[in-house]
Amino acid sequence: MTLRRLVHCALALTVAFAGLAALYLNLGAEFAGLAQLLVYVGAIAILIVFAILLTRGDDTAESVFSPSGLAGAILAAAVFAVLAWAVETSGIVHPAAIPAAPPEPMRSIGLILMHRYILPLEVIALMLTAAMIGAVILALREKRPQPEQIQRSSAQ
Amino acid sequence: MNPLATCLLVSALLFAVGLAGALTRRSAILVLAGIELMLNAANLNFIAFWRFGPHPEALTGILFVIFAIAVAAAEAAVGLALILAIYRHARTSDVSEITEMKG
């Protein structure tokens with residue numbers, strides 16, 4: 001987050017997402033880890049790189065940080081200090097035996113997703129469809145008045 | 001060290017880095033990236049509490065993380081489309097220069 005070039009930031013972000021996916025896999029959550037790998041490393045990183053490439057051209061800003069950047073950094077450090085203090089003093093006891101992960105998480109995830117969580121699944125599918133349509137409409141919106149402008153300028 | 005506390009500390013660090021990025025950078029794309037990092041920190045907390053909690057067979061943490069990943073994907077797509085639309089209009093993606101929403 002402190003790198004100067006946007007593309008380097010995107011690369012570091014991709015590495016962070018991949019490391020997080022590895023952490024999920026290490027913790028025994030295979031499905032979430034693979035979903036993280038597919039969605040974040042595969043899709044969102046590409047989206048961010050494309051957005052950087054499409055919005056480039058005026059990278060001549062004198063500073064990459066906003067004017068209130070120091071206050072933001074101090075606030076973030078304070079939030080981390082409070083969170084770390086809360087974790088350290090929360091009295092988490094080391095479990096005598098770490099519970100073993102369920103033997104067949106994939107199968108049980110599929111079953112529970114189709115039985116108990118069927119309504120959230122449908123709702124999230126609808127929301128994803130609506131978000132994709134909305135994103136396409138937003139990205140295409142300003143192209144429509146161009147033919148009229150061309151006709152008007154040619155008429156003049 | 002306690003593995004649950006280690007996961008929570010990593011998650012807190014990730015959240016702080018994301019918050020610092022969202023608060024300090026000028027580029028709107030990196031503000032969005034910081035928000036994604038904070039969402040990932042929350043997901044890591046869910047996974048850690050699912051794994052080291054008393055009922056790992058309930059799978060609630062994993063299900064919540066999967067739904068959160070779907071929501072984050074939709075949010076990133078819409079956010080980047082908004083950034084592109086604003087860039088096409090204002091010719092900048094600097095959040096400190098975009099001061100009005102009216103065309």
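## Terms and model

Helices (H or I, at least four residues) and strands (E, at least two) are DSSP runs, numbered from the N terminus. This is a predicted model: local features need pLDDT of at least 70, side-chain atom pairs count only at pLDDT 80 or more, and totals for chains, interfaces and linings use all residues. Residues are numbered from 1 along each chain as its sequence is written, and chains are lettered from A.

## Chain B

Chain B has three helices and zero strands. From the N terminus on, its order is α-α-α.

B:N43 is found in helix α2 of chain B. B:N43 counts as buried because its relative accessibility is 2%. Leaving aside neighbours within four places in sequence, B:N43 is in contact (heavy atoms within 4.5 Å) with A:Y24, B:V65, B:A68 and B:I69.

## Helix α2 of chain A

Helix α2 of chain A covers residues 30-54. Its 25 residues should span 36 Å at 1.5 Å a residue, the expected span being 1.5 Å times one less than the number of residues. The end C-alpha atoms are 35 Å apart, which agrees.

α2(A) has a kink of about 25 degrees, centred on A:I44. The bend is the angle between axes fitted to the seven residues ending at a residue and the seven starting there. A:I44 is buried, and so are others in α2(A), including A:G33, A:Y40 and A:I48. The buried residues of α2(A) pack against α1 (6-26) of chain A, and also against α2 (28-52) and α3 (60-90) of chain B.

Terms used
Side-chain values use heavy atoms; hydrogens and water are left out. Buried means under 20% relative accessible area, exposed over 50%, partly exposed in between (1.4 Å probe, protein chains only).
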